[in-house]
Amino acid sequence: MHAVVCHNLDEVLKQAQNNADAVLIAEEGLFGENLDSLASWVARQPPWSDFPFVILTSKHQQPAVVTWRKRMVAALRNVSLLERPVQGITLTSALQAAVRGRLRQYEVRALVQAREQAAQELEALVIERTSELEKTNLELRTQIAERARIEETLRQAQKIEALGQLTGGVAHDFNNLLMVISGGLDMLDRHDDPARRQRLMNGMRQATQRGAALTRQLLAFSRRQSLAPETVDLAQRIRQMHELLERSLRGDIHVQMQFAADLWPVEVDPGELELVILNLAVNARDAMPEGGSILFQAANAPNEQVLGREGDFVRLTVTDSGPGIPDELRERVFDPFFTTKEVGKGSGLGLAQVYGFARQSGGTVWIDGQCERGTSVVMLLPRSQQVPAQLPSERSPVEAPRQKAAGHILLVDDDEKVAATVAQMLEHLGYQVSRCASAAAALEWLASGGRANLVFSDVMMPGGMNGVDLAREIRLRQFGVPVLLTSGYAEAVKSTAQAQGVSILAKPYYLEELAEALIGAMQRNAPTSLPSA
């Protein structure tokens, strides 16, 4: 062992701070010295350190010496006392033990430093990886948002293409409907026979029903919406599209339908389903330039394996009598923008939409390679355990009972001819009618003392204020008058109107539907008497 001789307490403290392993000191060297600096250094040691002191004591047992000795031991903490005279082996053994303890402390220090360094490196690594993960997550979120935007753009582009396919057939069909209505009106004045007049009226009513049904389907195709799966009666939904399909196809295309009697309902978005059916029909039509047939079939498919899970599905098959798809192209037909049609004849989005719809619905779709003739597209759609809601069907109008002095209606509509017709319907129901051509005029009429049991307003009007705005202003100004709205595209403002607590009557409507809507709106919201002027 290497020893350094110190002549005063300051030198002892200096050597202790310079990584000395132990201090051997006679207690007489500490008598009369101020131990505060040494005790302060001992107290400030790091957690791993407990510096050893070996003190040579005397046999003095005077009370003052004993008291001082106790204070010294308490201040220096790790102290070994050797009473003189002491044998050399005893002194050497005590010092070696003190040095070994100090060296073990240095080992602990090294371990603590290594642990701290490892912790710092780990923390730095965590910070780096966290930063990389946040960057990756941001990129992933950006990619997901961009993919969703592209998918929505593709879906809307495909809908526009589908609407373009419909344009010619729908225009032809609406002209036929208008022909029925205009011809019927022309013939009404030329016949006095009640039976013939009734037949003409029934024909015109049926024409308006067909026109309203076509309009509803066109709006369903064109609206921007997120997927909203619900329980759907597949057979009923496709059958109700029969007329729309005929409008989209040529006269030399024959549409057939075969559905199992016990067909399960499916869980899909109904608007997207209709678009799929239209896409498949249009693709089949384009594959048969010389004419042919399209067969829609549906049957239950229990215990099918789809996307790694087993479940109950409904198999929908659409088969055409065209030339079929070559084997080398069959795997690509569902790719976006892939098309075998001439430039300008198709965007390649139709079957891509079919594929996306099937997968997002929890099902799948493929081209049947075993089809002997033509092309057969097979789709599996997940079975629903719920009962589907019934679709509105065409109904024969029932004459609404005429009421006497039913109340006063403020009619708001900018279309003079529509307003005149609706006013006659209201008067036939027994209501008094006041008319305004804009929302601003209606508010002025109410503010100037006009009294009404209900405001019946169109939604779309010029002047910067629509029907929903009018309802909001009537409520804010506390006129105390309920509002009933009507629109040819009720879905566009349905949620906004519901937030205002206002009902919407979809156009076109029959007399009894108008009567029910008016009574319902007044019973829910109207005061028992007319508001005071």
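Tutor: Let's start with a term: a salt bridge is a side-chain nitrogen of Lys or Arg within 4 Å of a carboxyl oxygen of Asp or Glu. This is a predicted model, where local features need pLDDT of at least 70 and side-chain atom pairs pLDDT 80 or more, while totals for chains, interfaces and linings use all residues. Residues are numbered from 1 along each chain as its sequence is written, and side-chain values use heavy atoms, leaving out hydrogens and water.

Five strands make up an open sheet, in the order S12-S11-S13-S14-S15, with parallel pairing (two strands pair if DSSP finds at least two bridges between them; strands are DSSP runs of E with at least two residues, helices are runs of H or I with at least four, and both are numbered from the N terminus). S12 and S15 are the edge strands, each with a single partner, so one side of each has no neighbour in the sheet. On average, neighbouring strands here are turned by 25° against each other, direction ignored (axes are lines fitted to C-alpha atoms, for helices over the stretch in contact, and angles run from 0 to 180 degrees between N-to-C directions).

S14 (residues 483–487) and S15 run parallel and are joined by four bridges. Find Leu485 and you'll see that Ile504 of S15 stands opposite.

Now for the helices. H11 lies across S11, S12 and S13, and runs at about 165° to S12. H12 packs on the sheet too, touching S11, S12 and S13, with its direction at about 145° to that of S11 (contact means heavy atoms within 4.5 Å).

Stay with H12, residues 439–447: Ala439, Ala442, Leu443 and Leu446 are buried there (buried is under 20% relative accessible area, exposed is over 50%, and partly exposed is in between, using a 1.4 Å probe and protein chains only). These four cover an arc of only 100° around the axis, so they sit on the same side of H12 (the arc is that of the directions from the helix axis to the C-beta atoms). What do they pack against? The buried residues of H12 pack against S11, S12 (431–436), S13 (454–458) and helix H13 (467–476). After H12 comes Gly449, which has a positive phi, near 110°.

Back to salt bridges. Lys507 and Asp413 form one through their side chains, at 4.0 Å from N to O. This pair links distant parts of the chain, 94 residues apart: Lys507 is in the loop between S15 (503–506) and helix H15 (511–525), and Asp413 is in the loop between S11 and H11 (416–428). Lys507 is partly exposed at 28%, whereas Asp413 is buried at 8%.

Another salt bridge joins Glu473 and Arg477, with the closest N and O atoms 3.2 Å apart. Glu473 is partly exposed at 23%, and Arg477 is partly exposed at 43%. As for networks, salt bridges with shared partners join Asp413, Asp458 and Lys507 into one. By this rule, the count comes to 13 salt bridges.
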